[in-house]
Amino acid sequence: MPNILFDLDGTLTDAKPGITRSIQYALSELGYTPPDVDELGWYIGPPITETFSLLLRTTDEKLLTQAISLYRDRFSTIGLFENILYPQIPETLKTLRTHGYKTFIATSKPYIYTIRIIEHFGLSPLFDGIYGSELDGTRSVKGDLIGHILLTEKLSPSTVFMVGDRKHDMIGAKKNQVATIGVTYGYGTEEELKTHGADWIAYSPEDIPKLIIPHL
């Protein structure tokens with residue numbers, strides 16, 4: 001049975017407002033002048049520790065822990081729901097499932113936030129499993145997360161596709177010998193996705209089934 005792993009931010013939902021405003025809040029609280037929202041889109045996708053390490057230009061664990069704590073203060077109460085589904089996502093998921101595909105969430109976002117977002121949009125019935133990281137950063141690296149899903153669900157890599165919008169999705173999938181679909185309607189570029197191993201490119205959610213379901 002074929003299986004599809006979906007990234008969340010930039011693939012199923014446009015989470016930019018909530019994430020970028022929460023990043024701005026954390027930086028402001030630390031006394032930094034935050035970049036404009038439009039400049040922060042590039043930082044959506046990597047593990048949050050990596051994002052703040054780049055923004056603050058530091059590897060100081062104490063400062064990074066403080067920044068993440070401030071970010072989560074806002075994100076867990078407000079930013080979580082500053083979020084919208086991309087057009088045609090429910091229809092795309094239903095099409096895949098009708099054709100026998102099992103669907104899973106594979107996101108670097110902490111599971112406790114991920115499950116709330118999926119439930120908020122009423123998508124829970126459209127997934128066979130929902131996987132995210134732990135708050136301590138465990139499985140925030142996409143390769144580790146995908147490996148964990150393959151092991152837990154007993155999936156053969158040859159039966160799996162990873163759908164995502166950033167290089168981390170492509171790199172993590174290739175580490176696990178999983179085929180990849182890069183989506184350009186999210187936060188990454190076609191160049192980024194192809195450079196890091198995208199096997200196919202989807203320009204809209206409706207393209208995803210057409211790429212992998214024969215004769216659709």
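Reader: Is Lys102 buried, exposed or partly exposed?
Author: Lys102 is partly exposed, with a relative accessible area of 26%. Buried means under 20% relative accessible area, exposed over 50%, and partly exposed in between, with a 1.4 Å probe and protein chains only.

Reader: What kind of model is this, and how are things counted?
Author: This is a predicted model: local features need pLDDT of at least 70, side-chain atom pairs count only at pLDDT 80 or more, and totals for chains, interfaces and linings use all residues. Residues are numbered from 1 along each chain as its sequence is written, and side-chain values use heavy atoms, with hydrogens and water left out.

Reader: Back to Lys102. Which element is it found in?
Author: Strand E4. Helices (H or I, at least four residues) and strands (E, at least two) are DSSP runs, numbered from the N terminus.

Reader: And what does Lys102 touch?
Author: Leaving out residues up to four places away in sequence, Lys102 touches Met1, Pro2, Asn3, Ile4 and Asp128. Contact means heavy atoms within 4.5 Å.

Reader: New topic. How many residues has the largest nonpolar core?
Author: It has 47 residues. Phe6, Phe52, Phe127 and Ile208 have the most contacts inside it. Helix H4 (residues 61–75) gives the largest share, 7 residues. A nonpolar core is a set of buried Ala, Val, Leu, Ile, Met, Phe, Trp, Tyr and Cys residues joined through side-chain atoms within 4.5 Å.

Reader: What does Phe127 touch?
Author: Not counting residues up to four places away in sequence, its contacts are Phe6, Leu12, Leu93, Arg97, Thr103, Phe104, Ile105 and Ile118. Another core, of 13 residues, lies apart from the largest one. Ala106, Ile146, Met162 and Val178 are among its members.

Reader: Now H1. What span should it have, and how far apart are its ends?
Author: Helix H1 (residues 16–29) has 14 residues, so at 1.5 Å a residue it should span 20 Å. Its end C-alpha atoms are 20 Å apart, which agrees. The expected span is 1.5 Å times one less than the number of residues.

Reader: Which residues of H1 are buried?
Author: Gly18, Ile19, Thr20, Ser22, Ile23, Gln24, Ala26 and Leu27. Their cover includes helix H2 (37–40), helix H3 (48–56), H4 and strand E4 (102–110).

Reader: Last one, backbone. What is phi for Arg57?
Author: Near 55°, a positive value in a residue other than glycine. Arg57 lies in the loop between H3 and H4. Arg57 is exposed, with a relative accessible area of 80%.

Reader: And where is Gln177 found?
Author: In the loop between H8 and E7. Gln177 has a positive phi of about 60° although it is not a glycine. Gln177 is exposed, at 60% relative accessible area.
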